[in-house]
Amino acid sequence: MRRYDQKVEVAVVGAGPAGSVAAEAAARLGARAVLIERKREIGTPVQCGGFLPEVSELEALLPHAQIPETLAGIPERYILARTRVQRIYSPSGDAKEFSVRGRVVDRRSFDRHLAWRAARAGAEVLVDTRADLSGGSLRLSGGRSGTVEAQVIIGADGPSSATARGANLAKRQEAGVCLEYEMAGVDIDPEAAEMYFGTKAAPGGYAWIIPLGEDVANVGVGTRPAYIQGRRLRDILDSFVADHRIAKEKLSGGEVTAVMRGVVPAGGMPPAIRRENVLLAGDAAGMVMATSGGGIPLAMVGGAIAGEVAARAISGEESLADYPGRIATAMGQELQNSVRIREVVDRMMRSDRLMDGLFSMLPADQMKATMRGQIPRALEMVQEMMDRR
Ligand SMILES: Cc1cc2nc3c(=O)[nH]c(=O)nc-3n(C[C@H](O)[C@H](O)[C@H](O)COP(=O)(O)OP(=O)(O)OC[C@H]3O[C@@H](n4cnc5c(N)ncnc54)[C@H](O)[C@@H]3O)c2cc1C
């Protein structure tokens, strides 16, 4: 085991989208940065559907955020498919769709590409190395042992962030558990990202079909433990593939070529995302839209801000205390709205009849606003109705 005992300016834990973008931003501004990843191979195994809205959609989703160039200008070679619409199925099988121009990235190579960018910008990269925050420094284990002393530590280590725990910033929160198959030989609409709701298909969440090009798709289910009542996630997904009235026509001839699972925060940001010299970004900071589980764009926006604030704090141009405010401006309202919407929808999720009712009440454009974390009047009416029950 090689030793690594270093003093650096910025240490970033986790080389997912948040961490690599943070390390690149810090290094570009001249900070001595190190990016530490426990996986042997960045990006593998994948735990993601890879769906990302196009830039124009992102600008509408996060109107107050600056979309980093890394997110706006994703090279074509990492894009497996482009979608034109989002189609939503109610529990009884009715469909509504609205236009959402999206890109589906190959997360294995996309995450590597982001880490390469960080390396090119001057960040040091340690793979196969776990970092644990203890007593203000990072203890390394795995492929390297040793200690990293950093002026700023960015915890971008995902939904079960050890950095958040080490800095006493973790909060117990609502989380979705997801299982996803990559399937080949399916008969899908290659231009549509689809979501399926219903107590059987996806109790407390939704099932999805995301095209990866031609006849290949990511097919998954995200749900929450309180809703599945002892059912196994694998049984829920298998039943969606084999038995769902609409999905089975598209999927039952397919073969599973990869299995992915993971956790998605669904409760928004914790009360604090910074303590002393520790900043949290991405899933580690709950930066995920609770309405869709989409976290890649927010992780990259959050990571860029974290890296920039860290480097500027070191050069004395900004204070670390500015970080929560910068994040709140970029995505605070949208994240809060998405949690509020999730809470309203949660109250209906146990009943297919109520979900069908909500589905028929919301026109497609209001459904799109809801998914984006904007609260349309129709949803406010639903909330009032539920409050009166
Ligand atoms: C099944 C599934 C499907 C999804 N589909 C989509 C989708 O289609 N679109 C979308 O926008 N979002 C999707 N998401 C959410 C998305 O994957 C996350 O929001 C996104 O990856 C967050 O990026 P991140 O950099 O914050 O964290 P991560 O991508 O989780 O990266 C964290 C990194 O930190 C590393 N790490 C953890 N602990 C340590 C440690 N102690 N030391 C060193 N390294 C450590 C991990 O190995 C990992 O590489 C999905 C999630 C799941 C589970």
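User: In this predicted model, which residues in H1 meet Ile296, Ala299, Met300, Gly303, Ala304, Gly307, Glu308 and Ala311 in H9?
Analyst: The model is a predicted one. The H9 side of this contact consists of Ile296, Ala299, Met300, Gly303, Ala304, Gly307, Glu308 and Ala311. By class, the contact of H1 with H9 has eleven nonpolar, two polar and one charged residues. The H1 side is made up of Pro17, Ala18, Val21, Ala22, Ala25 and Ala26.

User: What is the relative orientation of H1 and H9, given axes 7 Å apart?
Analyst: The two helices pack at an angle of about 30°. Angles under 35 degrees count as roughly parallel. H1 is therefore, relative to H9, roughly parallel.

User: Is the crossing of H1 and H9 left-handed or right-handed?
Analyst: The axes of H1 and H9 are 7 Å apart at an angle of about 30°. The crossing of these two helices is right-handed.

User: At what angle do H1 and H4 pack?
Analyst: H1 covers residues 17–28 and H4 covers residues 107–120. Their axes are 8 Å apart. H1 and H4 are roughly parallel, and the angle is about 20°.

User: How many charged residues are there in the contact of H1 with H4?
Analyst: From H1, the residues are Pro17, Ser20, Val21, Ala23, Glu24 and Arg28. From H4, they are Arg107, Asp111, Leu114, Ala115, Arg117 and Ala118. Six of the residues in this contact are nonpolar and one is polar, which leaves the charged class with five.

User: Does H1 pass H4 in a left-handed or a right-handed crossing?
Analyst: The axes of H1 and H4 meet at an angle of about 20°. H1 passes H4 in a crossing that is left-handed.

User: Is Arg117 buried or exposed?
Analyst: Arg117 is found in helix H4. Leaving aside neighbours within four places in sequence, Arg117 is in contact with Glu24, Arg28, Glu69 and Thr70. Its relative accessible area is 14%, and under 20% means buried. Arg117 is therefore buried.

User: How are H9 and H10 oriented to each other?
Analyst: H9 spans residues 296–314 and H10 spans residues 323–346. Their axes come within 9 Å and cross at roughly 165°, and the crossing is right-handed. An angle over 145 degrees counts as roughly antiparallel. H9 and H10 are therefore roughly antiparallel.

User: Which residues in H10 meet Leu298, Val301, Gly302, Ile305, Ala306, Glu308 and Val309 in H9?
Analyst: The contact of H9 with H10 divides into ten nonpolar, one polar and two charged residues. Glu308 is one of the H9 residues in this contact, and Glu308 is also among those that meet H1. The H10 residues are Tyr323, Arg326, Ile327, Ala330, Met331 and Leu335.

User: Is Thr163 buried or exposed?
Analyst: Thr163 sits in helix H5, residues 162–166. Not counting residues up to four places away in sequence, Thr163 touches Val13, Leu133, Ile153, Gly155, Asp157, Val278 and Leu280. Its relative accessibility is 0%, so Thr163 counts as buried.

User: How far apart in space are Ser141 and Thr129, C-alpha to C-alpha?
Analyst: Ser141 lies in strand S9, residues 137–142, and is partly exposed at a relative accessible area of 31%. Beyond its neighbours within four places in sequence, Ser141 is in contact with Asp128, Thr129 and Arg130. Ser141 and Thr129 are twelve residues apart in sequence, and their C-alpha separation is 5.7 Å.

User: Which residue does a cis peptide bond join to Thr44?
Analyst: Omega for this bond is about 0°.

User: What is the phi of Glu214?
Analyst: Glu214 lies in the loop between strand S13 (206–213) and strand S14 (216–223). At 72% relative accessibility, Glu214 counts as exposed. Although Glu214 is not a glycine, its phi is positive, about 45°.

User: Where is Asn168?
Analyst: Phi of Asn168 is near 60°, a positive value in a residue other than glycine. Asn168 is exposed, with a relative accessible area of 61%. Its place is in the loop between H5 and strand S11 (175–184).

Technical notes: Residues are numbered from 1 along each chain as its sequence is written. This is a predicted model: local features need pLDDT of at least 70, side-chain atom pairs count only at pLDDT 80 or more; totals for chains, interfaces and linings use all residues. Side-chain values use heavy atoms; hydrogens and water are left out. Axes are lines fitted to C-alpha atoms, for helices over the stretch in contact, and angles run from 0 to 180 degrees between N-to-C directions. Helices (H or I, at least four residues) and strands (E, at least two) are DSSP runs, numbered from the N terminus. Angles under 35 degrees count as roughly parallel, over 145 as roughly antiparallel, 65 to 115 as roughly perpendicular and the rest as oblique. A crossing is left-handed if the near helix is turned anticlockwise from the far one by less than a right angle, and right-handed if clockwise. Contact means heavy atoms within 4.5 Å. Ala, Val, Leu, Ile, Met, Phe, Trp, Tyr, Cys and Pro count as nonpolar, Asp, Glu, Lys and Arg as charged, and the others, Gly among them, as polar. Buried means under 20% relative accessible area, exposed over 50%, partly exposed in between (1.4 Å probe, protein chains only).
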